[in-house]
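Here is a short briefing on one protein chain. Look through the sequence and the structure before reading the points below.

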Amino acid sequence: MPTKHAVSRDPKWYEAFPDVTLTNDGRLVCVFAACTHHGDRSRTQIMLVDSADRGRTWGNKRALSVELDHDPQGWFWNCPRIVTLSDGRLAAVCDKISGKGEGHSDAGQQTNWLWFSSDHGQSWSQPVPTPVAGIVPDRLIELTHGPHAGRWLLSAHSKNNCGPGIVSAQRVWWSDDQGTSWQGPSTVAQSDQYFLCEGSILHLPDDQLVCFLRENSGKGFDAFKTLSNDGGQTWSQPVMFPLPGCHRPVAGLLQSGHVLITHRFMQGGNGWVGWWTQNTFAGWTDLESCLATQRNQARVRIMPLDFDRSPRSDCGYTGWAQFPDGEIFIVNYIVDDHHPLAQIRGYSLRESDITLPTETP
């Protein structure tokens, strides 16, 4: 089972929604949101913390963004992501939105901003605006091979202006000049039957893209996925993928060629706090399953990552990175013990911790 590590705990902040990347100098850099509470964004700031010993210990946290404290226009920082680009730079993205909460903003009040670091996260640029309108952005995706090599993709979802009967749409913008200009958006997924959001795009070795999506009706449905063959400009119709109750999937390709998807397990039913947000899972799948056009053609092996014991449990937004020797480090936010607010926790494991079948029976 995974070994647990404390990443950040602060009695003054509700620390949540983390992501992590491995820098070219071998350090882990974790980004997360500090806020008053999941349900109270009157005070927010995006924070960074790093580790030089594979996540076993972490340095002092530092600010990436300015602090927004009871902003007069209601602006707050929401859900940051981070990635190491092929040129060694780090790129962080976060949505800055206004309104009563994540899903209550007007279309003009859902903005996304980028920061860049050229020294492995020690210093950062000023925030750079993007045209992306939406919330809970995916990592900045860099296409590294194929006819669209060098393209950047930035995706988010919105409830606003999605069309008759559509409650949410996942959309993507793309840049072929490293963010100087952007094109789009293209619709990655939308449905008049399901609430599709929180997409995670993965660039496959054959140059296709797959986007895994949360279904947010509260009924515990599977994840969904869509496919693109043209660098993200057009997408297939969404199909179910066998990750039941999947919230906030985070997909990536492992050195073995398998695909790892970390996610919250949200079974649905009655209640939210303490009843739904209890479990964080990790699912292993393969490239054939990513490309499957029907649910019953895909296969997944799912392992529990953590259980939130708190009577006011809240967990399950994750990020992960893999070291050259194969070790995987995952970050998650969780309440769990007697800590009064949510904290950031890490997990180290290897693929050998989950035995994968070698053939279909």
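The model is predicted. The protein chain has 1 helix and 26 strands. Its radius of gyration is 19 Å, close to the 21 Å that the globule rule gives for 361 residues, so the chain is as compact as a globular protein of that length.

**Overall build**

- Along the principal axes, the C-alpha atoms of the protein chain fill a box of roughly 50 × 45 × 45 Å.
- Of the 361 residues in the chain, 59% are buried.
- Taking contacts between residues at least 6 apart in sequence, 52% join residues that are at least 24 apart.

**Nonpolar cores**

- In soluble globular proteins, nonpolar side chains tend to be buried together.
- The largest nonpolar core in this model has 44 residues, and those with the most contacts inside it are L28, C30, W58, L64, I82 and W124.
- Two or more residues of this core come from each of β2 (14-22), β3 (28-37), β4 (40-51), β7 (75-77), β9 (90-98) and β25 (328-334).
- Strand β3 gives the largest share of the core, 8 residues.
- Leaving aside neighbours within four places in sequence, W124 is in contact with L48, L64, I82, L90, A92, W115, F116 and S117.
- A second, separate core has 16 residues, among them V250, C315, I328 and L349.

- T285 is in strand β22, which covers residues 279-285.
- T285 counts as buried because its relative accessibility is 4%, under the 20% cut-off.
- The side chain of T285 reaches the backbone oxygen of R299 at 2.7 Å.
- Not counting residues up to four places away in sequence, T285 touches F241, H258, V259, I261, C290, R299 and V300.
- D308 lies in the loop between β23 (301-307) and β24 (318-322).
- D308 is buried yet has no salt bridge, and the nearest side chain of opposite charge, R309, is 6.6 Å away.
- The side chain of D308 does reach the backbone nitrogen of S310, at 3.1 Å.
- Beyond four places in sequence, the residues that D308 touches include T277, Q278, C315 and D336.

**Salt bridges**

- Side chains of opposite charge can pair when their charged atoms come close.
- The count of salt bridges in this model is 24.
- E15 and K61 form a salt bridge through their side chains, at 2.4 Å from N to O.
- E15 lies in strand β2 and K61 in the loop between β4 and β5 (62-63), so this pair ties together parts that are 46 residues apart in sequence.
- E15 is buried, at 0% relative accessibility, whereas K61 is partly exposed, at 28%.
- R27 and D50 meet in a salt bridge at 2.7 Å, N to O.
- R27 is in the loop between β2 and β3 and D50 is in strand β4, so the pair ties together parts 23 residues apart in sequence.
- R27 counts as buried at 12% relative accessibility, and D50 counts as buried at 15%.
- D336 and R309 meet in a salt bridge at 2.8 Å, N to O.
- D336 lies in the loop between β25 and β26 (343-349) and R309 in the loop between β23 and β24, so this pair ties together parts 27 residues apart in sequence.
- D336 is buried, with a relative accessible area of 5%, while R309 is exposed at 55%.
- Salt bridges that share partners join K4, R9, D306, R309, D336, D337 and R345 into one network.

Terms used: Residues are numbered from 1 along each chain as its sequence is written. This is a predicted model: local features need pLDDT of at least 70, side-chain atom pairs count only at pLDDT 80 or more; totals for chains, interfaces and linings use all residues. Side-chain values use heavy atoms; hydrogens and water are left out. A nonpolar core is a set of buried Ala, Val, Leu, Ile, Met, Phe, Trp, Tyr and Cys residues joined through side-chain atoms within 4.5 Å. Buried means under 20% relative accessible area, exposed over 50%, partly exposed in between (1.4 Å probe, protein chains only). Helices (H or I, at least four residues) and strands (E, at least two) are DSSP runs, numbered from the N terminus. Contact means heavy atoms within 4.5 Å. A polar contact is a pair of N or O atoms within 3.5 Å; within protein, one must be able to donate a hydrogen and the other to accept it, and residues adjacent in sequence count only if both atoms are side-chain atoms. Lys and Arg count as positive and Asp and Glu as negative; His and the chain ends are not counted. A salt bridge is a side-chain nitrogen of Lys or Arg within 4 Å of a carboxyl oxygen of Asp or Glu. The radius of gyration is taken over C-alpha atoms; the globule rule is 2.2 Å times the number of residues to the power 0.38.
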